[in-house]
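Hello,

Here is the structure we talked about handing over. Please open it alongside this email.

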Amino acid sequence: SQQTTEFMELFDSPSIMQVGSSLKLLMVAEGSAHIYPRMVPCCEWDTAAADIIVQEAGGVVLQAGLCDDNGKPLEDWKAVLMKEE
């Protein structure tokens, strides 16, 4: 998406990988990726399981555009995803 492209331009030489949503989040959990920007809607089943794995690894999944300066974890997947449809 255009939003994702603009976000990625904030970084110096970002690396982009083409894999599924859950795999990207699992890469964040294991430390082989630092960030997974998702600026377009996705289904809760695409990311919910990976979210808990990220949390257990000490990370956090944040709501793009819906968090404060300190970041706020995604608390209600369904409510947020339904608003974006």
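Below are my notes, taken residue by residue. Keep in mind that this is a predicted model.

Ser21 first. Ser21 sits in helix H2. Its relative accessible area is 13%, so Ser21 is buried; the cut-off for buried is under 20%. The Ser21 side chain makes a polar contact with the side chain of Tyr36, at 3.0 Å. Leaving aside neighbours within four places in sequence, Ser21 is in contact with Tyr36, Arg38, Asp46 and Thr47.

Thr47 leads on to helix H3. Thr47 is buried in H3, and so are Ala50, Asp51 and Val54. H3 covers residues 44-56, which is 13 residues. At 1.5 Å a residue, H3 should span 18 Å. The C-alpha atoms at its ends are 18 Å apart, so the two values agree.

Ile52 is also in H3. The C-alpha atom of Ile52 is separated from that of Ala29 by 9.6 Å, and the two residues are 23 residues apart along the chain.

Ser13 lies in the loop between helix H1 (2-8) and helix H2 (21-30). At 64% relative accessibility, Ser13 counts as exposed.

Best wishes

Technical notes. Residues are numbered from 1 along each chain as its sequence is written. This is a predicted model: local features need pLDDT of at least 70, side-chain atom pairs count only at pLDDT 80 or more; totals for chains, interfaces and linings use all residues. Side-chain values use heavy atoms; hydrogens and water are left out. Helices (H or I, at least four residues) and strands (E, at least two) are DSSP runs, numbered from the N terminus. The expected span of a helix is 1.5 Å times one less than its number of residues. Buried means under 20% relative accessible area, exposed over 50%, partly exposed in between (1.4 Å probe, protein chains only). A polar contact is a pair of N or O atoms within 3.5 Å; within protein, one must be able to donate a hydrogen and the other to accept it, and residues adjacent in sequence count only if both atoms are side-chain atoms. Contact means heavy atoms within 4.5 Å.
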